[in-house]
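This report describes a few parts of one structure in plain terms. The sequence and the model come first.

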Amino acid sequence: REPREARTERNREPRPAPAEPSVGTATGDLGPVGEFILGVVERMDLGPFEVSESEEGRFVVYQLAGTAAEELTAADGRATEAIQLLANQAAGRLSDDPKRVVVDAEGDRERREEFLGRMAERAARRARDTTRSVALDPMNGRDRRGIHMALRETEGVATMSVGEGRYRQVVVVPEGADEYEEALNSSPDSSPDSQDEEE
C-alpha cells in the first residue's frame, strides 16, 4: 500500500493546465449573478466554456457547456454544488426575494451516470448486508433522481429523499427496515418526489 506521505505528496502535485485558455463566453444576456458565475469558473482555470441564463418558474438556471463543464462533472459534482451555493449567496445580496439559482454543468453525463450507478449499487449492497438504511451525501435533484432510477428495479431495497434544499439526500432502505413501506410509497415510480424533479 502506498505510504501516506507519498499519497499526500502526490495530491499536492499541480493539476496540468488546460490546453486552451479558461475563457467563458455568454450565450445571450447574463445578469449580475451570471457574470459572477462566469468569473468564478474562469478563475478555476479548467478550460473554455459557454454559459447561458434562463428562467424556469421560481428558478434561474445557468447552463455551463464546454471543457470546463466536463471538468466540473468529472468527479462527484461537488465543485458545481459549491459554485451554486456561492451564486445563491450572491443572489441573496442583490435581492430581498431572489429566485433560486441552479447551476447545471453539461459535462460528460454518461460518465457521471456510471459513477452514480456504482454509488447506488454499493449503497444497496451495504443496506442489504447490514439491514440498515444508508443515507448518501446531499446532492442535486438530477443526481438524486439518477440514484432513484438506478435502484428502481433492485430487489430488497427502496429509496426515498429526505431533507430540504441543498441538504436533501437519498436514503437507501433495505426490506424489513421500519421506513421500508414509506420508501416504497414515496418512490419516483409511484409518487414522484417533486423536489427531485424540479431542482
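Glutamate 55 counts as exposed, at 54% relative accessibility; buried means under 20% relative accessible area, exposed over 50%, and partly exposed in between, with a 1.4 Å probe and protein chains only. The model is predicted, so local features need pLDDT of at least 70 and side-chain atom pairs count only at pLDDT 80 or more, while totals for chains, interfaces and linings use all residues. Residues are numbered from 1 along each chain as its sequence is written, and side-chain values use heavy atoms, with hydrogens and water left out.

Glutamate 55 is found in strand β2. Helices (H or I, at least four residues) and strands (E, at least two) are DSSP runs, numbered from the N terminus. The side chain of glutamate 55 meets that of lysine 99 in a salt bridge, 2.7 Å from N to O; the term stands for a side-chain nitrogen of Lys or Arg within 4 Å of a carboxyl oxygen of Asp or Glu. The pair links distant parts of the chain, 44 residues apart, with lysine 99 in the loop between α4 (78–94) and β4 (100–106). Lysine 99 is partly exposed, with a relative accessible area of 34%. By the rule above, the count comes to one salt bridge. The C-alpha atoms of glutamate 55 and valine 101 are separated by 9.4 Å, and these residues lie 46 apart along the chain.

An open sheet is formed by three strands in the order β5-β7-β6, with antiparallel pairing. β5 (134–135) and β6 (157–162) stand at the edges with a single partner strand each, so one side of each has no neighbour in the sheet. Two strands pair if DSSP finds at least two bridges between them. Six bridges join β6 to β7 (residues 169–174), and two bridges join β5 to β7. Some bridge partners are listed here.

| Residue | Bridge partner in β7 |
|---|---|
| Methionine 160 | Valine 171 |
| Valine 134 | Valine 172 |
| Threonine 159 | Valine 172 |

Five of the six residues of β7 are buried, so this strand is largely enclosed by the rest of the structure. The hairpin of β6 and β7 has six residues between the strands, and in it glycine 163 takes a positive phi near 95°.

Arginine 122 belongs to helix α5 (residues 109–130) and is partly exposed, with a relative accessible area of 44%.
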